[in-house]
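Here is a short briefing for a first look at this structure. Topics are grouped under plain headings.

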Amino acid sequence: MRWLPAVLAIAALTGCVGPAPTTGEYEEKAAHTAADALSQLQTARLAVGNAGRMPASYLETVLVDAEEAFGSIESTFDSIQPPDDPRADRLRSDLDGLLSDGSDGMTQLRVLARRSDAAGLRSTAEQLVATADGLGRFAREHGS
Amino acid sequence: MRAGELLGRPVFDHTGRRIGLVADLRCVQEAGPHSSWGVLRLDALVVTERRVTPRLGYGRHQRSPALLRGVLRGLPGQLVVVPWSAVASWSAEGIRLTDSAGG
Amino acid sequence: MKRVFGVALGILTAIGGFVDIGDLVANALVGARFGLTLAWATVLGVIGICVFAEMSGRVAAVAGRPTFDLVRERLGPRIGLANLAASLLVTLLTFSAEIGGVALALELATSVNYLLWVPVAGLAAWLVMWRVRFSVLENTAGLLGLTLVIFGVALWRLNPDWPQLLNQGISPGNPPGEGLPTYFYYAIALFGAAMTPYEVFFFSSGGVEERWTRKDVVTSRVNVFVGFPLGGLLSLAVAGCAAVVLLPQGITVDTLGQVGLPVAVAVGKLGLAVAILGFVAATFGAALETGLSCGYSVAQYFGWQWGKYVRPREAARFHLVVLVCLIVAVGTVLTTIDPITITEYSLVFSAVALPLTYLPILVIANDPDYLGARVNGRVANLFGTLFLVVILVASVAAIPPMLATRAGQ
Amino acid sequence: MTTVDIYLQLLDRQVLDRDGRLVCKVDDLELQPGPDGVPVVTAILVGPRALGPRLGGRPGRWMNALASRLAATPGDDPPRIPFGAVTAVHSAVDVDRTRDELAVDPLEGWVERHIIGRLPGSGHAGG
């Protein structure tokens, strides 16, 4: 069993950050990323939409967790080497745009929540609808 | 001698043919001094071809659940009870029986 | 009257004590991804735990022997030791997840980072295990855990499309967009969450702590057959809330905060406060159960004096094991490994450790040497055998989907 | 005549002292030839030096090594309880001595004196 840790380590490494060899696989990963990011964004929006129905500490914790998770989803995707294919480049730039809009918005939400700025929260959350729709569409179109 | 040293040891008949492993030590309980529970005298070796199952008790008093009993009883090999008087010698390599044990 | 009170108390504790961080997260996660299409796995797990907890409770009441005594007696010292290693690993992982869960719940209440709460939660758990009487410990945690009923209230207030929800519950199958391996991975995780081995260690050892006798077999049965299913209903309510509120939004659950969101939506601030109290109580109660179970299993394997019914200094090594496990558990959470991730892995490992725990219980529950006339009847044996097969299948089946889906990714 | 299969019915059971306290497990049994040469069970053997050899393999070696480091009495002989002290065998084994009289487990005393006994509240009554 001495080989087991080595095999697991290799599997983990190649599975998470290794180069994506084909455009198909890259697309699948992109779709996955979009769905995961959407989940975090929707969590933040749902929390903000019900901000009056929860203690401030709860809202803040949910927003901080969502922002952090969103950030790590984004950086994991960025660390994947896209295949040398114009289609892959297009996928990458489409998703990157959505992800950076999303992460800006989430940071903004966290800042506003700490300031207890209810109006600001509401308007920022509304602006994120387009990003959420975009991520949802991306995940559906490119998902298997 | 420890019980743990006898358990699991291979048993050979007088021709050197292997019968199985010691699965359990059957003792007779005799009255002991005053309040004590009694004296246990080694009476026989319970010998089996399998290793695990005797511990679950299905060779003896354990009857149910039916499926477990069926599966465990259905495995090849059976329990053989060899009286201690039939043991000719024993060592780390195994236990050798006398001529009369039958096997 | 006192007896009725005792039985009622037992039921309430069983309900509150049934749900822990693993049940909360696994059920919310599955509800948000699969709706109620995996409800069958929870139901199956609840029936399974009832069957084996009843047997282990009966053996504890009639023969006075807790579960790990049985493991060593019927599997022998070698396989018994293997089981001890496996179940100690699972229980210890669960223990750290529960400590982390308490800290996460306190973070939700205070917005102070959970890592700062971890040592506090650990110290509080140790003080309770060290000083507080067993019955007080068990009853308080169980009763406070009952506040999780708020998830039932929330589900009712959400006024979902009941027929559709029910229909999901009775028609298993992976929803579109989810692969079959992922579906089965979570089925096993839910089954494992309901049947974690520490529950029988704790239940049977608790019977000995409370000096159960033959007369208490009935009490034990009522606790199991009423309390556990109601606890299972709480689990389903958590899943239902997630299915109604989170699933349509495309939210997958990976934090405790998300688990509580549906309650905020449906009931508002007060309801959420109750839910947070429930999170703290359920995870803290489970931390006590798992922490003590670490001590129970080691001490029972080696034959040391254990239990809270004697002075700590009379069960020195038992308390030492508990203390060491607590330090390891706190240390594990402080490495910043996500407690929720620990939960997910420990659930699957527990499916692997299950057969070695439940086989000896089933065998001894049939042994007249131990139980005399109180051995298993036909029904207990039918279900016991059936579930042993299910557990074996789940254990063998746990590994491929876990690898194939990289733990449900 | 009652027969007892000692692997099935005696080994690995819990030993209880006169006050019902848990003492140890029946880790192994000692047999010695009686007057007629037939082996008779003479003692319950206790502790890692009794259990280690039964485990065998690597865990057994570890346990033996650990035991010889911790041993209070030199040599390979594990602590023993004379079989005459046994008053009953049921789901546990009853012995008519107290835990302190038996003194089969030096480690328990060590942990009590040096670690657990030093923590505040260790003598607090249980419940």
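Helices (H or I, at least four residues) and strands (E, at least two) are DSSP runs, numbered from the N terminus. The model is predicted: local features need pLDDT of at least 70, side-chain atom pairs count only at pLDDT 80 or more, and totals for chains, interfaces and linings use all residues. Residues are numbered from 1 along each chain as its sequence is written, chains are lettered from A and ligands numbered from 1 in the order in which they are written, and side-chain values use heavy atoms, with hydrogens and water left out.

**Surface patch on chain C**
- Six residues, C:Val43, C:Ile47, C:Val379, C:Leu382, C:Phe383 and C:Leu386, make up a nonpolar patch on the surface.
- Patches consist of residues with over 30% relative accessible area and no salt bridge; like charges are joined within 9 Å, nonpolar side chains (Val, Leu, Ile, Met, Phe, Trp, Tyr) within 5 Å.
- A salt bridge is a side-chain nitrogen of Lys or Arg within 4 Å of a carboxyl oxygen of Asp or Glu.
- Together the patch residues have about 520 Å² of accessible area, by the Shrake-Rupley method with a 1.4 Å probe; for residues, only the protein chains shown count as cover.
- Helix α17(C) gives the largest share, four residues.
- C:Leu386 lies in that helix, α17 of chain C.
- Its relative accessible area is 48%, so C:Leu386 is partly exposed (buried is under 20%, exposed over 50%, partly exposed in between; 1.4 Å probe, protein chains only).

**Nonpolar cores**
- A nonpolar core is a set of buried Ala, Val, Leu, Ile, Met, Phe, Trp, Tyr and Cys residues joined through side-chain atoms within 4.5 Å.
- The largest one has 188 residues, and C:Phe52, C:Phe151 and C:Tyr358 have the most contacts inside it.
- A second, separate core has 42 residues, including B:Ile19 and D:Val93.
- Leaving out residues up to four places away in sequence, C:Phe151 touches C:Ala237, C:Val238, C:Cys241, C:Val259, C:Gly260, C:Val263, C:Ala275 and C:Phe279 (contact means heavy atoms within 4.5 Å).

**A buried loop residue in chain D**
- D:Thr98 sits in the loop between β8 (92-95) and α4 (99-102) of chain D.
- Its relative accessibility is 15%, so D:Thr98 counts as buried.
- D:Thr98 touches D:Asp17, D:Arg18 and D:Asp19, not counting residues up to four places away in sequence.

**Chain B**
- Two helices and six strands make up the elements of chain B.
- Along the sequence, chain B reads α-β-β-β-α-β-β-β.
- Of the 103 residues in chain B, 46% are buried.
- Chain B exposes about 5,100 Å², and carbon and sulfur atoms supply 53% of it.
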